[in-house]
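Hi,

Here is the structure I promised to pass on. My notes on it follow below.

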Amino acid sequence: EQVLYVHLFARDKRLRGPMLVVWVAIFGGGLHAPVTVFYYKELGLGPKDIGVLSFVVSLGVYLSPAYGLVQDKLGGFVAMGLAAAF
């Protein structure tokens, strides 16, 4: 059934652009990950620094549901303040 919808969307010329944008964002979003370490090294970071930075970045992924809950209950300003504080 999903393949049928893909074909229907692909045939509609109005939807080709948005489909391509979403596809690139989903599948191409992680293509920079192997190269990022080389940029960190150029900035002078060592292995421990790169590990800590990677941990902090991944921590945001795990905290995002909690920030979403705070945003639903208290509003966006509080959630943005908490996100900026950590």
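A quick definition to start: buried means under 20% relative accessible area, exposed means over 50%, and partly exposed is in between (1.4 Å probe, protein chains only). By that scale F9, at a relative accessible area of 41%, is partly exposed. F9 sits in helix α1.

Before the rest, some housekeeping. It's a predicted model, so local features need pLDDT of at least 70 and side-chain atom pairs count only at pLDDT 80 or more, while totals for chains, interfaces and linings use all residues. Residues are numbered from 1 along each chain as its sequence is written, and side-chain values use heavy atoms, with hydrogens and water left out.

Back to F9: together with L4, Y5, V6, L8 and M19 it makes a nonpolar surface patch of about 550 Å². (Patch residues have over 30% relative accessible area and no salt bridge; nonpolar side chains, meaning Val, Leu, Ile, Met, Phe, Trp and Tyr, are joined within 5 Å, like charges within 9 Å. Areas are Shrake-Rupley with a 1.4 Å probe, and for residues only the protein chains shown count as cover.) Helix α1 (residues 2-11) gives the largest share, 5 residues; helices are DSSP runs (H or I, at least four residues), numbered from the N terminus.

As for salt bridges (a Lys or Arg side-chain nitrogen within 4 Å of an Asp or Glu carboxyl oxygen), the whole structure has 1. The side chains of D12 and R14 meet in a salt bridge at 2.8 Å, N to O. D12 is partly exposed at 22% relative accessibility, and R14 is exposed at 68%.

Cheers

Technical notes. Helix = DSSP H or I, 4+ residues; strand = E, 2+ residues; numbered from the N terminus.
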